[in-house]
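The model comes first, then my entries.

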Amino acid sequence: MSVPAFVSLCAQGDSWSRVLLLEDYNTRLVVIATTLLGLAAGVVGSFTLLRKRALLGDALSHATLPGIGLAFLFAPSLGLDGKSLPVLLVGAAISGSVGMTIILVIRNLTKLKEDTALGIVLSVFFGGGLALLGFAQQMPEGHAAGLESFIYGKTASIIAQDAWWILTAGTLSLGLLSVFYKELKLLCFDEGFASSRGYPTVGLDLVLMVTVVLVTIVGLQAVGLILMIALLVIPAAAAGFWTGNMLRMAVLSAVIGGVSCMVGSVLSALSPGLPSGAMIVLTSALFFLVSMLIGRQRGVIVQAWRRWRTRRRIDRRHVLRGIYELLEMQPTSFVSDETSQAAAGKWVSAAALLSSRTWSARRMFGEVQRLRNEGLLRAREKELSLTASGLVEARRLTREHRLWELYLITHADVAAERVDRDAERIEDCLEPVMIDELETLLHEARGGSGVPVSPHGIESTINVARTS
Amino acid sequence: MTLIAATTWLWELDGWIIAAGVLCAVASSLVGNFLVLRRMSMLGDAVSHAVLPGLAAAFLITGSRQSLPMFVGAAIVGVLTALLTQWIRNFGKVDEGASMGVVFTTLFALGLVMIVQAADTVDLDPGCVLYGAIEFTPLDTLMVGNFDIPRVVVVLGIVTIINLLFVMLFYKELKLTSFDPVLADTMGLPSAWVHYGLMTLVAITAVASFESVGNILVVAMMVVPAAAASMLTDRLPMLILISACIGAASAVLGHLTAIAVPGWFGFGSTSTAGMMALTAGLLFSLVVVFSPKSGLLFNFARRQQLAFSILGEDVLAYVYRYEEKDEPQAITRKRMQKKLIASSTATSIVLAWYRWRGMLLQRGDQYGLSESGRASAALLVRSHRLWEQYLVDQAGVATDRIHGQAERLEHFTGRKFRDELERQTAYPSSDPHGRPIPAEGVNPDRVNPERAIAEGSASNEHGLEKPTS
């Protein structure tokens, strides 16, 4: 190893440890402030996400601009400094709140939808803000430049005051959310029910919006528009893949938000070429991607696995019942006696099974192969037969199917030609208790294994399956 | 106009600026209608933020700031934004807005990192590369034939024509897939392709607009005119036409106000794009308040009018019932108010109205029916009692529960309907409570024919609860 490379590695190691131990005052501040913001925005975001208003933060961030312009224009006449942070914050909060109110008005009093209300407030307020800044730039007091940076943020130059603002706003909104937790939860999951129970839904919506305003406004000037939107949306959306429980989702979302901010800003401190806001967004996007893939509740892989398993279970039923029904149709007198094993080992043609319903040969033979491995099925050239245990299983499945068909005919007045399809939908969900119930209702021997005669011609269902 | 004349107005400058604004507004509102119908209004905003990596990549690959590669790069990423949003929504079952938010913030961050990484070698300022300003429209011109036309106007003109052609050619498909995607699928329409086509055009329109006239204009014009138009009409062709007109009008008015209004306060002109968006917002709020179809004002007036006429009918029927009973009690305003649960103002107005029409007579603080008033009230009471009879007879409702329902239905029952009720209940002479049912009077139908129940959904339109019988 050459000497310069070694030196640079040492230097790098040194900077690593400096960053990771938060030795630099500036790094420490950025990490702490953004992490606090990530925590708060994560919690607030999970509520807005469930309220199907994920882009509320987007609309709100844009809606603060006219307030900033007005604060700057009118502060001097009140004897205040137009560029002092509290003045701008108040201006932003006021115009943000007006924007939120207009969203509620449009949504509740006209036929327009949520997303349209957001889009209108976002664009009109931002346009108004641009026009006001056009005035502000011509103020005799001058130096309006940099006002836009209020909403575009300045992550790298966060000061201690920002961190305190974030802490205060975050604590306030957390307090509000926990006081109204139960009501907000009801509002998020079932607005109609909440209003029928007499909860003031508009008031609760306002509470939720106030928390969004609080967090967004302190966040905006610290970290900027895009990062603020991302922190309100991405961690909550990621948490949604893991749990359907509101409280757990809020906590998880806060953790994801906080960790993304920490990791993102540390990464950015390690390399000068990586802007911290962008790194935070990318880190949380990575969390989102991973959650979307492997999330335990609604992740893509879990969903695909569940779908696959259901399909397997249904195919298994179809193959076994299909063979059993083919056996029934064989001219050599089929013994329907429940104890008889005569049918086991009798061969049916695979082609007949394939044409008995609309499925691909690949799908059917895949299932046949699995059943052979289970020892329920035997196969020879172009023919299939049930083993003794396969016959028992096929008999049980056919029996369940026909019990339900009989139930539909006798108790639900469904026409005999239509019951086959209805029974196929439900048979997979029949619990043993339900089977007992059906037996009692239909006066079948409880716990017996006799298969009732199909209430409709088997031939006809095969034809239906073929034509449909 | 004197205010505008005071500032400098040059057709070769302001004319082109307005032309660019109008073209942007029309192009955006053409596709914007379908975004609003599909509940994707925020897509314009998302695309205008998300295209950053496309611009950065185009710049890094070609090494120049020519507009064509930039445009292509941005358009590709714009389409990608729409696709990714839909992909996340479908596979992850995430709500539309959230998936949009995830996609566009991530893409923006990616673009920012690309730009900062490249900044070591080249100078690329996102602010100045990305967003054009409409005020600079006349500066960059192209020769088209013998005319010197601003490049922006040419580009936006082409985009407008493309959007117009798309909407005209795929009108049927767009209409069906926007209103009833399931039906469109069962009819075998290529709804997915129509959707992707629309998304591509949204991306192209957004990119073309924001690199020439600024992003806020296109975001506003995709949503606001379409939303305003949907308050005025329910028919799609009118929706498209009206939204394009509103968009164009706000572009023209926006530029005029950007020049004129600041002058009133002693300032020079302000941001044109901002004022255009703001004007669109003002037009929208005018429409929301004054729209004859579903405006707040007219809805309120309609509801008030209905409330008053129902209260009036209740007053007449109340007096009729008292006179019928030969009750010695005096019929005063106070008692009516209490019985009908109405405010004193509303009751006074209604009483004054019927006295003016000569249907009520007043003696001291007591009221009685005139001849015409009695005829009117008799019809209402007849409706009420026929309904009660019908509910008990035909619908099998318990006698103690029929009054409330009959009370609601009586106001929406016309002559024909009463005759039918009478026929169905075998011409009764008294109601289930044993009170006589007045005969159909010599007067023709005095119940407001507009509200006759034959109009079907009338009761719903006026925001009343649907009778549950």
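My entries follow, in the order I made them.

**Entry 1: what I am looking at**

I noted at the outset that this is a predicted model. I began with chain A and its secondary structure: 21 helices and three strands. Of its 468 residues, 51% count as buried. I looked up the contacts in chain A with a separation of 6 or more, and residues 24 or more positions apart account for 73% of them.

**Entry 2: a buried methionine**

I picked A:Met100, which is found in helix α5 (residues 85–109) of chain A. Buried or exposed? A:Met100 counts as buried, because its relative accessibility is 2% and the cut-off for buried is under 20%. What does A:Met100 touch, leaving out residues up to four places away in sequence? I got A:Leu56, A:Leu60, A:Met209 and A:Val213. I also checked A:Met100 against A:Ala63: they sit 37 residues apart in sequence, and their C-alpha atoms are 8.6 Å apart in space.

**Entry 3: another methionine, on a patch**

Next I went for the nonpolar surface. A:Leu247, A:Val251, A:Val255, A:Val259, A:Met262, A:Val263, A:Leu267 and A:Phe287 form a nonpolar patch there, and together they have about 600 Å² of accessible area. Which helix gives the most to the nonpolar patch? Helix α13 (residues 246–270) of chain A does, with seven residues. I took A:Met262 as my example, and its place is in helix α13 of chain A. A:Met262 counts as partly exposed, because its relative accessibility is 39%.

**Entry 4: where the chains meet**

I moved on to the contact between the chains, which takes 55 residues from chain B and 50 residues from chain A. The size of an interface is often given as the accessible area lost when the parts come together, so I looked that up too. Between chain B and chain A, the buried area is about 4200 Å², and carbon and sulfur atoms give 77% of it. How many salt bridges are counted between chain B and chain A? The count is one. B:Asp234 pairs with A:Lys111 in a salt bridge, and their closest N and O atoms are 2.9 Å apart.

**Entry 5: salt bridges elsewhere**

A search of the whole structure gave me 27 salt bridges over all chains. I went through a few pairs by hand.

- A:Arg363 and A:Asp315 meet through their side chains in a salt bridge, 2.9 Å from N to O. This pair links distant parts of the chain, with A:Arg363 in helix α17 (residues 361–374) and A:Asp315 in helix α15 (residues 300–329) of chain A, 48 residues apart. A:Arg363 counts as partly exposed because its relative accessibility is 28%, while A:Asp315, at 2%, counts as buried.
- A:Arg370 forms a salt bridge with A:Glu367, and the closest N and O atoms are 3.3 Å apart. Both residues lie in helix α17 of chain A, three residues apart, which is about one turn of the helix. I have A:Arg370 as partly exposed at 32% relative accessibility and A:Glu367 as buried at 3%.
- B:Arg415 and B:Asp419 make a salt bridge through their side chains, 3.3 Å from N to O. Both are in helix α20 of chain B, four residues apart, again about one turn of the helix. B:Arg415 is partly exposed at 36%, and B:Asp419 is partly exposed at 29%.

I also found a network: salt bridges that share partners join A:Arg51, A:Arg53, A:Arg107, A:Glu114, A:Glu191 and A:Asp205.

**Entry 6: chain B, domains and backbone**

The domain assignment of chain B gives domain 1 (3–294) and domain 2 (300–455). Taken over C-alpha atoms, the centres of these two domains are 57 Å apart.

Then I turned to phi angles. B:Lys93 is not a glycine, yet its phi is positive, at about 55°. Where does B:Lys93 lie? I found B:Lys93 in the loop between α5 (67–92) and α6 (96–118) of chain B. B:Lys93 counts as partly exposed, because its relative accessibility is 48%.

B:Tyr427 also went into the notebook, with a positive phi near 45° in a residue other than glycine. B:Tyr427 lies in the loop between α20 (415–424) and α21 (458–461) of chain B. At 55% relative accessibility, B:Tyr427 counts as exposed, because the cut-off for exposed is over 50%.

How values were computed. Residues numbered from 1 in each chain as written. Chains lettered and ligands numbered in written order. Predicted model: local features only at pLDDT ≥ 70, side-chain atom pairs only at ≥ 80, totals over all residues. Heavy atoms only, no water. Patch = residues over 30% accessible without salt bridge, like charges linked within 9 Å, V, L, I, M, F, W, Y side chains within 5 Å. Areas by Shrake-Rupley, 256 points an atom, 1.4 Å probe, with all protein chains shown as cover. Salt bridge = Lys/Arg side-chain N within 4 Å of Asp/Glu carboxyl O. Helix = DSSP H or I, 4+ residues; strand = E, 2+ residues; numbered from the N terminus. Buried < 20%, exposed > 50% of the residue type's maximum accessible area, 1.4 Å probe, protein only. Domains from an automatic or database assignment. Contact = heavy atoms within 4.5 Å. Buried area = accessible area lost by both parts, 1.4 Å probe.
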